Amino acid sequence: MERRDKYTLLIRNARRYDGSRVDIHIEDGIIVKVGENVTAEADRVLDACGKYVIPGMYNMHTHAAMTLFRGYRDDMKLFEWLQQIWAVEAHLDDEAIYWGTRLACLEMLRSGTVCFVDMYWHPDVTAQAVKDSGMRAVLTSCLLDAGNEKTKVNDRLKCEKAYADSLKWPDTVRFGVAVHAPYTVCRENIRWAADFARERNLLLNIHVSETDKENEDCMAQYGKSPVKMLDEMGFFGEDVILAHGLWLDDEDVEILGRNRVTVAHNVNSNLKLASGHAFRYEELKRAGANVTLGTDGCSSSNNLDVLEAMKTASLLQKGWRRDPESLPLGELMDMATVNGAVGCRVKGGVLAEGYAADLALVDVHSPAFVPNLNFLSNLVYAADSSCIDTVICDGKVVMEGRKVKDEDEILEKGAENAARLIAKVH
Ligand SMILES: [Zn+2]
């Protein structure tokens with residue numbers, strides 16, 4: 001008897017944004033047919049009657065296992081806050097990273113996210129947690145020497161080892177290299193990271209211009225902005241995912257656009273830490289940058305909800321620009337889906353044949369969707385992520401009826417590990 005390797009799924013009776021009916025046939029993680037009345041044999045047929053289908057979302061900047069520090073130190077100034085977070089982070093071990101990441105994945109699936117870009121420690125353990133959750137991720141190994149000569153060498157060795165370990169990860173979990181920030185990593189290691197990544201065709205990840213203080217310090221030390229300094233070092237390219245980019249002048253915007261850099265706007269974290277609000281979305285988009293959304297870690301954004309970030313990002317653009325036409329729904333949806341996929345080098349974020357089968361089904365049986373004059377409007381401006389009913393990632397159902405595998409154990413272990421770490425600093 002012939003062995004059947006390919007897993008096939010047929011989603012029937014879903015609805016598109018305009019309300020029209022659609023069936024989706026998925027084979028081996030790829031959408032192979034989208035249309036009305038698709039007839040195909042499948043290992044599983046999923047009836048999506050009463051639900052709308054959207055591409056799964058991308059969280060383009062987070063520190064996943066920081067879910068364990070949710071609610072630990074709020075309403076504080078950035079650098080004081082960072083000191084306190086770093087004190088408890090120093091005690092992180094494999095078990096905490098694993099359960100913190102599983103908790104993050106559970107939370108992201110619940111809000112329709114299929115892929116995230118992580119900058120954190122212990123990438124090999126994180127990879128196992130992502131694999132067990134059924135999500136995608138780009139996990140970036142972080143360099144952070146803070147001017148210490150010994151750490152400078154150790155960071156490179158750690159990155160090399162993490163890369164070697166990553167060769168056994170599944171295709172859905174990718175390795176990348178992170179430079180924590182231009183002010184926490186020496187120029188020699190910034191160059192090393194870019195060379196190491198480019199020789200291996202890996203993505204690069206960096207925090208840049210999160211605060212005006214960071215820019216002022218860089219001006220005082222080098223006489224130029226962080227973006228200009230990095231540009232002169234040849235750091236930027238289409239392979240760079242830049243988190244924040246909140247304090248950019250016209251020349252910075254032009255540099256990021258010309259280099260087709262992916263910028264992750266972390267609106268809720270930026271507002272909560274009072275880092276700033278005037279994110280230059282329109283200018284970056286016009287210049288050619290790939291603008292996306294992130295949540296940042298749970299210690300500053302408190303949740304990992306991209307749908308919530310979409311609403312805040314839209315309202316904030318309209319508000320600070322005093323222009324209600326800024327960041328309209330279609331562009332906002334692209335920021336959260338296809339732009340993220342482009343930044344992560346996944347052929348995804350689009351409901352079309354040949355694209356990754358990463359989808360979410362939205363339950364519209366709630367007041368937020370009545371009347372349903374404009375589905376996207378209701379999804380972003382009226383609903384919250386409790387409307388996300390089912391998530392399919394890489395062609396497999398990873399959440400159904402809001403139930404996720406192992407969720408009770410994840411909640412319990414997450415609470416346990418958070419308490420264990422916090423007890424060490426008190
Ligand atoms: Zn961050």
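**Strands, crossovers and a buried aspartate**

User: Which hand does the β-α-β unit made by β8, α4 and β9 have?
Analyst: In this predicted model, β8, α4 and β9 make up a β-α-β unit. Strands β8 and β9 pair in the parallel sense, over seven bridges. Leu 143 stands opposite Val 179 in β9. The hand of the unit is right-handed.

User: Through which helix does the chain cross from β9 to β10?
Analyst: β9 and β10 (residues 203-208) run parallel and are joined by four bridges. Val 177 stands opposite Leu 204 in β10. The β-α-β crossover from β9 to β10 is right-handed, and its helix is α5 (residues 187-199).

User: How many residues of strand β9 are buried?
Analyst: Strand β9 spans residues 173-179 and is mostly covered. Of its seven residues, the number buried is six.

User: Which side chain of opposite charge is nearest to Asp 145, and how far away is it?
Analyst: Asp 145 sits in the loop between β8 (136-143) and α4 (149-166). Beyond its neighbours within four places in sequence, Asp 145 has contacts that include Thr 151, Lys 152 and Asn 189. A salt bridge needs a side-chain nitrogen within 4 Å of a carboxyl oxygen. Asp 145 is buried and has no salt bridge, for the nearest side chain of opposite charge is Lys 152, at 7.0 Å.

User: Why is helix α2 described as largely enclosed by the rest of the structure?
Analyst: Helix α2 covers residues 94-110 and reaches 24 Å from its first C-alpha to its last, close to the 24 Å expected. Gly 112 follows α2, with a positive phi near 85°. The helix is largely enclosed because, of its 17 residues, the number buried is 14.

User: Which residues of β12 point the other way from Thr 262 and Ala 264?
Analyst: Strand β12 runs over residues 262-265, and all of them are buried. Thr 262 and Ala 264 point one way. Pointing the other way are Val 263 and His 265.

User: Through which helix does the chain cross from β11 to β12?
Analyst: β11 (residues 240-244) runs parallel to β12, and three bridges join them. Ala 243 stands opposite Ala 264 in β12. The crossover from β11 to β12 is a right-handed β-α-β one, and its helix is α8 (residues 250-258).

User: What is the bridge partner of Val 263 in β13?
Analyst: Strand β13 covers residues 290-293. β12 and β13 pair in the parallel sense over four bridges. In β13, the partner of Val 263 is Val 291.

Technical notes
Residues are numbered from 1 along each chain as its sequence is written. This is a predicted model: local features need pLDDT of at least 70, side-chain atom pairs count only at pLDDT 80 or more; totals for chains, interfaces and linings use all residues. Side-chain values use heavy atoms; hydrogens and water are left out. Helices (H or I, at least four residues) and strands (E, at least two) are DSSP runs, numbered from the N terminus. Buried means under 20% relative accessible area, exposed over 50%, partly exposed in between (1.4 Å probe, protein chains only). Lys and Arg count as positive and Asp and Glu as negative; His and the chain ends are not counted. Contact means heavy atoms within 4.5 Å. Two strands pair if DSSP finds at least two bridges between them. A crossover is right-handed if, with the strands pointing away from the viewer, the path from the first strand over the helix to the second runs clockwise. The expected span of a helix is 1.5 Å times one less than its number of residues.
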